[in-house]
Amino acid sequence: MKKVTAFIGSAQKKATYEAVREFERNLKSYTDIEFEYVFLKDYRIEFCRGCKLCFNKGEELCPLRDDRDLVIEGMV
């Protein structure tokens, strides 16, 4: 079975959410899939500070301590 994860950045469950639900219904009419919703509003994600530590020394040295890693784990 294939899995689809939809990342929704809107804070409200309105037009974007409904569009993704319609996409889910259409996709399920073609094949058997597992569909998961990830609402970014449920996570604490900060803006990049532009320090470039992640580029120069590796992502593990990023000074931000938000929920970025939790979201990335959900993609794997």
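Helices (H or I, at least four residues) and strands (E, at least two) are DSSP runs, counted from the N terminus; the element names on this tour follow that scheme. The model is predicted.

**Stop 1: the start of the chain**

Select Met1, which sits in the segment before β1. Met1 is exposed, because its relative accessible area is 70% and the cut-off for exposed is over 50%. Met1 and Thr31 are 30 residues apart along the chain, and their C-alpha atoms are separated by 8.8 Å.

**Stop 2**

Select Lys3 and Glu36 and show their side chains. The two are joined by a salt bridge, with an N to O distance of 3.2 Å. Lys3 belongs to strand β1 (residues 2-8) and Glu36 to strand β2 (residues 33-39), so the pair ties together parts that are 33 residues apart in sequence. Both ends are partly exposed: Lys3 has a relative accessible area of 47%, and Glu36 one of 28%. In general, side chains of opposite charge can pair when their charged atoms come close. How many salt bridges does the structure hold? There are eight, and the next two stops visit others.

**Stop 2: a pair within helix α1**

Move to Glu22 and Arg25. These residues form a salt bridge in which the closest N and O atoms are 2.8 Å apart. Both lie in helix α1 (residues 15-28), three residues apart, which is about one turn of the helix. Glu22 counts as partly exposed at 37% relative accessibility, and Arg25 counts as partly exposed at 41%.

**Stop 4**

Select Arg44, Glu46 and Arg49, which are linked in a network of salt bridges. For the contact between Arg44 and Glu46, the closest N and O atoms are 2.6 Å apart. Arg44 is partly exposed, with a relative accessible area of 43%. Glu46 is partly exposed as well, at 33%.

**Stop 3: a backbone angle to check**

Go to Lys52, in the loop between β2 and α2. As background, most residues other than glycine have a negative phi. Lys52 counts as exposed, at 52% relative accessibility; the cut-off for that class is over 50%.

**Stop 4**

Select Leu53, which is in helix α2. Leu53 is partly exposed, with a relative accessible area of 30%.

**Stop 5: the largest pocket**

Select Cys48, Cys54, Cys62, Leu64 and Arg68. Of the 17 residues that line the largest pocket, these lie nearest its centre. The elements that give two or more residues to this lining are α2 (53-57) and α3. Which element gives the most to the lining of the largest pocket? That is α2, with three residues. The volume of the largest pocket is about 250 Å³.

**Stop 6**

Select Leu70, in helix α3. Leu70 counts as partly exposed, at 47% relative accessibility.

**Stop 7**

Val76 lies in the segment after α3 (68-75). Is Val76 buried or exposed? Val76 is exposed, with a relative accessible area of 87%.

Technical notes: Residues numbered from 1 in each chain as written. Predicted model: local features only at pLDDT ≥ 70, side-chain atom pairs only at ≥ 80, totals over all residues. Heavy atoms only, no water. Buried < 20%, exposed > 50% of the residue type's maximum accessible area, 1.4 Å probe, protein only. 1 Å grid on protein atoms, 1.4 Å probe; cavity = no way out; pocket = protein on both sides within 12 Å on 5 of 7 lines; lining within 4 Å. Points joined across faces, edges and corners; volume = space filled by probe spheres on them. Salt bridge = Lys/Arg side-chain N within 4 Å of Asp/Glu carboxyl O.
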